[in-house]
Amino acid sequence: MTTTYVSTSPRPSELPRVSLAVKGTERVVIESVTPSVDCGRYPIKRALGGRVDVGADIFKDGHDLISARIVYCHADDRADRVAPLEFEFNPDRWFGSFRPDALGRWQYGVEAWPDPIRTWSVELRKRVEAGQDTAPELLEGARLLRIASARPDGGGGARQQLLDVAARLEATSAPIYERLSLALSDVWHESASGPLRPEDVARFAPMLGLVVDREEAAFAVWYELFPRSQTASSKRHGTFADVERRLPELASLGFDVIYLPPIHPIGRDHRKGKNNALKAAPDDVGSPWAIGAREGGHAAVHPELGTVDDFVRLVRAAKEFGMEIAIDFALQCAPDHPWVKEHPEWFFVRVDGSVRYAENPPKKYEDIYPLNLWCADREALWDACRDLLLYWAARGVRSFRVDNPHTKPLAFWEWVIAEVQRAYPDVVFLSEAFTRPKRMKTLSKLGFSQSYTYFTWKNTKEDLVEYLTELTQTEMTEYFRPNFFANTPDILHEYLQTGGRPAFRARLLLAGTLAPVYGLYSGYELCEHTPLHPGSEEYLNSEKYQIVVRDWNAPGNIKQDVARLNRIRRENPALQRLDNLTFLETDSDEILAFAKRAYGNEIIVVVNLDPHRVHETMVDVPGVLLGLEPGSVYQVFDLMSGERYQWQAGENYVRLDPLEKPGHLFRIERS
């Protein structure tokens, strides 16, 4: 029996006819342009004056030569700027760079075109070396130069120069060697550079985005303090004036940004008591994050802190000390915030008509109503939130620490940050997003200048190496600026709870040398380490719910470490970059070693991660890292202690007693 299979596919004659003709004129292919974040969906970031290194794969059919360039422009520019791209045979790629010179939004891309003049010049040189007839080639060169002189973007002296050279190449009565000498000279090449015709140019599309921030977005030290605690008595509420009196000390410690938690009126309905008690006593001051009361909302200040004018005075005073004041931007309201009555539609309303308060089970925040930024009236709500940022920016604030941005729409942040930076391009946004990695990264991609990180939970050598490798050696360097806060009012890690003063010194050294931006919450310099209860990361008698009076010169403080480290950071460019980290091999799981190098400045940091025990190890510093032969000798100077040692390219012995010193911060000194 024979089985016949019948094909249901169409016969070739039934297939739709597809034209293979391509009507475009671009002959050059441009691929894999870097840097780029998510194929250009998001902009890369640089600080003002920082270099953008651009790379691209560029090629075409045939053997003709190609020329290429970077095209870039600021949002306010009327025309593109250009920078050259140079070809590197291996890996068959083009490279170039440019430095943006203004804050704000930029675009950049790559253009390339067939370059017949360069091709002709190279071929002519080959013919001369081979002893071939060059007369026809000289006439061909003259033709190309005449075409170049007619370009619409040419003119003036350059156009006339090309015409003069063309005429001399065509002068057959002149000696051939004179014509060849002119043809092979470089005097006219700059005038002839560029595409012969606009239609020859291929441009990588779409253009890529770039956000340029001020330098403090990429290198700074933050210090968080509660203004109400800047007092000598828990019976007296601290003021902006009290903060102003602390500015000289904070400046001497080397801080750049003084960050204040919410400074607005604090709600009375469902106010929290000490240690987050659900019932507040009559004299309890409540949580500053329960924003709003009868005195006003986000555009008002707590009356016991002072007035808006007093705040503006504080901002100006900080500037005189070379510092700035950052404030908290928390999009949430206390039940008695004016918006609750004026705009109930801006909140999450339950079926029974009640407004939903904030929850993060098992935590409950009855004193906080979250805003519904996807509500039906969201356009008015978004505008109101933007106007709050503009209000404080107009009063001198240039840094905002944003509370829990991951609980708000990503689209809102992309919009509002662009809106604010359009008016104030020097504004810095710090994202406090302790959330899943992809959301944390996306917040940075869409506009946040800096981000909190998982650093506080990375305390082992393995965890630190893995996390810092991701932060410093991947695409994240193009958009993510980590701010290594060593502690926060919400995070007192077990490492600090149990490690005592050595733990605080070790984490300070790590935060200040691993990342160009780091921060401390006040009390860190006093090594405050008592948790609410075992297993909790909350502080006992947390400043979030009460006034905390401190002796800033209490015995055992590490203020000297803080001041010295911050001075060292300013004096050593290697500590001002994120992407120059190299981990060094050690034979101890408790000792972390790494190197950072920039502009001839070479730093080696060695830290004992165990705050309880002495550890010793051999630190391997490869000679190739320093450009030295194996065994070559050099000096290392400990910038923290003033000690000096002789090291060699290769292995070097280190012993660290946490009670004496948490580690070494070496600067390499070559003879």
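## A guided tour, starting at a buried cysteine

Select Cys333 to begin: its relative accessibility is 0%, so this residue counts as buried. Keep in mind as you look around that this is a predicted model.

**Stop 1: the cysteines.** How many disulfides does the structure hold? The count is 0. Now jump to Cys39: is this residue buried or exposed? Its relative accessibility is 76%, so Cys39 counts as exposed.

**Stop 2: strand E4.** Next, select residues 66-74, which make up strand E4. Here 8 of the 9 residues are buried, so the strand is largely enclosed by the rest of the structure. Which strands pair with E4? One partner is E8 (residues 104-114), which runs antiparallel to E4 and is joined to it by 9 bridges. Show Cys73 and you will find it opposite Gln107 in E8. Another partner is E5 (residues 81-84), also antiparallel, with 4 bridges to E4. Here Arg69 stands opposite Pro84. To get from E4 to E5, follow the hairpin of 6 residues that joins them.

**Stop 3: salt bridges.** Start with Arg81 and Asp101, whose closest N and O atoms are 3.1 Å apart. Arg81 sits in E5 and Asp101 in the loop between E7 (93-98) and E8, so this pair ties together parts that are 20 residues apart in sequence. Arg81 itself is partly exposed, because its relative accessibility is 25%.

Then select Glu111 and Arg203, a salt bridge with 2.7 Å between the closest N and O atoms. This pair links strand E8 with strand E9 (residues 202-203), across 92 residues. Glu111 is buried, at 8% relative accessible area, while Arg203 is partly exposed, at 33%.

Now move to Arg313 and Glu244, where the N to O distance is 3.4 Å. Arg313 belongs to helix H7 (residues 308-320) and Glu244 to helix H6 (residues 240-252), so the pair connects parts 69 residues apart in sequence. Arg313 counts as exposed, at 54% relative accessibility. For a group view, select Asp383, Arg386, Asp387, Glu419 and Arg422: salt bridges with shared partners join these residues into one network.

**Stop 4: helix H10.** Finish with residues 410-423, the 14 residues of helix H10. From first C-alpha to last, H10 reaches 21 Å, close to the expected 20 Å. Color its buried residues, among them Phe412, Trp413 and Ile417.

Definitions and conventions. Residues numbered from 1 in each chain as written. Predicted model: local features only at pLDDT ≥ 70, side-chain atom pairs only at ≥ 80, totals over all residues. Heavy atoms only, no water. Helix = DSSP H or I, 4+ residues; strand = E, 2+ residues; numbered from the N terminus. Expected span 1.5 Å × (residues − 1). Buried < 20%, exposed > 50% of the residue type's maximum accessible area, 1.4 Å probe, protein only. Pairing = 2+ DSSP bridges. Disulfide = S-S within 2.5 Å. Salt bridge = Lys/Arg side-chain N within 4 Å of Asp/Glu carboxyl O.
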